Amino acid sequence: MNVNFTAKPIDFKLGEYLSKGFELLKKDFGNIFVAFLCCFVMAIIPFCGMLGAGNFYQYLRKVNKGQQASPGEIFNFDKFMPYFILQLILIGGILALYIPMAIIMITAGALSGGEPSGWVAALMVPYIIFMYAAILYFALKGFYIPALISFKNVTDVKTAWDASKIMTKDNLLSIFLFSLVVGILSQIGIIACGIGLFLTLPFMYVANFFAYDDAINQIERDEISEIGIKEKY
């Protein structure tokens, strides 16, 4: 486990991330699109989808800084383990939420002989609401985990989770709206019979990159300022 930063609440700039995402995508669409295709290939490989996305964010960071970057960098497996562990935790969490629902449905079916039962609906509706609320909460509170793994080399998932909780403090609504808008814009390609998704989906990654990059920059700027203050004394 390596921690070389101090987490702090982030000033979330929703509109800025969207506009910068459009600008970068328009500026270098060809290379970004090729890198996105590499990310798509990684997503097909079991347990490599999040790793591919994390590598894509690192690639975009180089492109944004004008550094030499190759789409082949998406196939880097140096940070496989933290993303692999993160995916196992997510799978375990989802199973933990769905198993009770499955047990209730199977039990209800056995007791009622396959006939619909009012008490089952009375139990299932609030549980389903709770389940999706829990998924949404953890997704929002863990928003910055990919940034911490990819940009700050955090290898311990619990450390990344604890830091992300601090970074998202008072920003859950903004992050939710950002994710909603980005999700809608990235799905516009469905109108073009699905083919357009390959043109609009990259925007989701690019917009997320700017949200992640700005958060890390805010933390690093504060750390530099604190060092300067200490040196004066």
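## Helix α3

Helix α3 covers residues 49-64, and its 16 residues should span 22 Å at 1.5 Å a residue; the end C-alpha atoms lie 22 Å apart, so expectation and geometry agree. This comes from a predicted model.

The buried residues of α3 are Leu51, Gly52, Ala53, Gly54, Asn55, Phe56, Tyr57, Tyr59, Leu60, Arg61 and Val63. After α3 comes Gly66, which has a positive phi near 75°.

In soluble globular proteins, nonpolar side chains tend to be buried together. Here the largest nonpolar core has 52 residues, and the members that touch the most others are Phe56, Tyr144 and Phe178. Two or more residues of this core come from each of α1 (14-27), α2 (29-44), α3, α4 (80-112), α6 (145-151), α7 (157-167), α8 (172-186) and α9 (197-232). Helix α9 supplies the largest share, eleven residues. Apart from this core lies another, of five residues, including Leu97, Met101, Tyr127 and Met131.

Tyr144, when neighbours within four places in sequence are left aside, is in contact with Ile10, Phe12, Ser164, Met167, Thr168, Ile175, Ala211, Tyr212 and Ala215.

## Helix α7 and Thr168

In α7, Val157, Thr159, Ala160, Ala163, Ser164 and Met167 are the buried residues. Because they cover an arc of only 155° around the axis, they sit on the same side of α7. Two of them, Ser164 and Met167, are among the contacts of Tyr144.

Thr168 is placed in the loop between α7 and α8. Its relative accessible area is 0%, so Thr168 counts as buried, the cut-off being under 20%. A polar atom of the Thr168 side chain lies 2.9 Å from the backbone oxygen of Ser164. Leaving aside neighbours within four places in sequence, Thr168 is in contact with Leu140, Lys141, Phe143, Tyr144 and Ile175. Ile175 is also in the contact list of Tyr144.

## Cysteines

A search of the whole structure returns zero disulfides. For Cys38, the closest cysteine sulfur is that of Cys39, at 8.8 Å, which is too far for a bond; a disulfide would need the two sulfur atoms within 2.5 Å. Seen from Cys39, the closest cysteine sulfur is in Cys38, again at 8.8 Å and too far for a bond.

Both cysteines fall under the 20% limit for burial: Cys38 is buried with a relative accessible area of 13%, and Cys39 is buried with a relative accessible area of 2%.

Phe47 is not a glycine, yet its phi is positive, about 65°. The residue lies in the loop between α2 and α3. With 35% relative accessibility, Phe47 counts as partly exposed.

Asn153 is not a glycine either, and its phi is positive at about 55°. Asn153 is located in the loop between α6 and α7. Its relative accessibility is 38%, so Asn153 counts as partly exposed.

Terms used: Residues are numbered from 1 along each chain as its sequence is written. This is a predicted model: local features need pLDDT of at least 70, side-chain atom pairs count only at pLDDT 80 or more; totals for chains, interfaces and linings use all residues. Side-chain values use heavy atoms; hydrogens and water are left out. Helices (H or I, at least four residues) and strands (E, at least two) are DSSP runs, numbered from the N terminus. The expected span of a helix is 1.5 Å times one less than its number of residues. Buried means under 20% relative accessible area, exposed over 50%, partly exposed in between (1.4 Å probe, protein chains only). A nonpolar core is a set of buried Ala, Val, Leu, Ile, Met, Phe, Trp, Tyr and Cys residues joined through side-chain atoms within 4.5 Å. Contact means heavy atoms within 4.5 Å. The arc is that of the directions from the helix axis to the C-beta atoms. A polar contact is a pair of N or O atoms within 3.5 Å; within protein, one must be able to donate a hydrogen and the other to accept it, and residues adjacent in sequence count only if both atoms are side-chain atoms.
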